[in-house]
Amino acid sequence: MTEVTLISGSTLGSAEYVAEHLAEKLDEAGFTTQTLHGPLFEDLSVSGIWLIVSSTHGAGDLPDNLQPLFDAINEERPDLSALHYGAVGIGSREYDTFCGAIEKLDTLLTECGAKRVGSLLKVNILDHDIPEDPAEVWVGSWKNLLQDL
């Protein structure tokens with residue numbers, strides 16, 4: 001079955017929990033998964049499928065453990081045309097930079113030729129005490145889109 005690399009960027013751990021939960025759901029559906037928390041660019045394949053889960057901190061900033069990946073892609077501008085990805089952001093609508101980190105990643109990946117599968121999920125922690133819940137609903141639909149790749 002299809003392999004999905006889950007990439008999480010987290011400051012306080014919520015995005016890591018969501019990524020691990022989504023990996024379980026994908027495994028149950030027959031996918032092969034690998035979950036990486038704050039990987040370096042050189043540790044990733046530039047083809048296949050990524051599922052990125054990121055919290056936002058500060059003024060729309062990426063978590064410290066995901067910043068090196070973002071910086072490497074931004075500097076190298078690799079050809080990511082063989083890459084498909086999904087994106088889940090976690091943040092608070094109290095801030096005008098709500099889910100700013102995942103938006104920055106989404107923009108950068110598409111600029112490098114990667115193709116987003118499905119919609120960008122933005123989880124508002126003010127509405128969802130447990131961000132895994134809306135992410136689980138989202139991944140239930142998202143995984144079906146992967147069959148067409």
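Helix axes here are lines fitted to C-alpha atoms over the stretch in contact, and angles run from 0 to 180 degrees between N-to-C directions. By that rule, the axes of α1 and α4 cross at roughly 40° and come within 10 Å. The model is predicted.

**Helix α4**

- Helix α4 runs over residues 132–145, which makes 14 residues.
- At 1.5 Å a residue, α4 should span 20 Å, and its end C-alpha atoms are 20 Å apart, so the two agree.
- α4 bends by about 25° at Val139.
- Val139 is also one of the buried residues of α4.
- An α-helix has 3.6 residues a turn, so residues three or four places apart point the same way.
- The cover over the buried residues of α4 includes the strands β1 (3–9), β3 (48–55), β4 (83–91) and β6 (121–124). Helix α1 (14–28) is also part of that cover.

**How α1 meets α4**

- The α1 and α4 axes cross at roughly 40°. Angles under 35 degrees would count as roughly parallel, and 65 to 115 as roughly perpendicular. The pair is therefore oblique.
- The crossing is right-handed.
- From α1, the residues involved are Tyr17, Val18, His21, Leu22, Lys25 and Leu26.
- From α4, they meet Glu132, Ala135, Glu136, Val139, Trp142 and Lys143.

**Helix α3 and its partner α2**

- α3 covers residues 100–111. It has twelve residues.
- From first C-alpha to last, α3 reaches 17 Å, close to the 16 Å expected at 1.5 Å a residue.
- The buried residues of α3 are Gly100, Ala101, Ile102, Leu105, Asp106, Leu108 and Leu109.
- These buried residues pack against β3, α2, β4 and β5 (115–116).
- Just after α3, Gly113 has a positive phi of about 100°.
- α2 and α3 pack with their axes 10 Å apart, at an angle of about 30°. They are therefore roughly parallel to each other.
- The α2 and α3 crossing is left-handed.
- Phe70, Ile73 and Asn74 on the α2 side meet Lys104, Leu105, Leu108 and Leu109 on the α3 side.

- *Ser55* lies in strand β3. Its relative accessible area is 7%, so Ser55 is buried.
- Beyond its neighbours within four places in sequence, Ser55 is in contact with Gly9, Ser10, Thr11, Ser14 and Ala15, among others. Its contacts also include Asp61, Pro63, Ile90 and Ala101.
- *Ala59* sits in the loop between β3 and α2 (67–76). Ala59 has 58% relative accessibility, so it counts as exposed.
- Ala59 and Ala101 are 42 residues apart in sequence, and their C-alpha atoms are 9.3 Å apart in space.
- *Pro134* belongs to helix α4. With a relative accessible area of 15%, Pro134 is buried, because the cut-off is under 20%.
- Beyond its neighbours within four places in sequence, Pro134 is in contact with Leu121, Val123 and His128.
- Pro134 and Ser119 are 15 residues apart in sequence and 13 Å apart in space, C-alpha to C-alpha.

How values were computed:
Residues are numbered from 1 along each chain as its sequence is written. This is a predicted model: local features need pLDDT of at least 70, side-chain atom pairs count only at pLDDT 80 or more; totals for chains, interfaces and linings use all residues. Side-chain values use heavy atoms; hydrogens and water are left out. Helices (H or I, at least four residues) and strands (E, at least two) are DSSP runs, numbered from the N terminus. The expected span of a helix is 1.5 Å times one less than its number of residues. The bend at a residue is the angle between axes fitted to the seven residues ending there and the seven starting there. Buried means under 20% relative accessible area, exposed over 50%, partly exposed in between (1.4 Å probe, protein chains only). Contact means heavy atoms within 4.5 Å. Angles under 35 degrees count as roughly parallel, over 145 as roughly antiparallel, 65 to 115 as roughly perpendicular and the rest as oblique. A crossing is left-handed if the near helix is turned anticlockwise from the far one by less than a right angle, and right-handed if clockwise.
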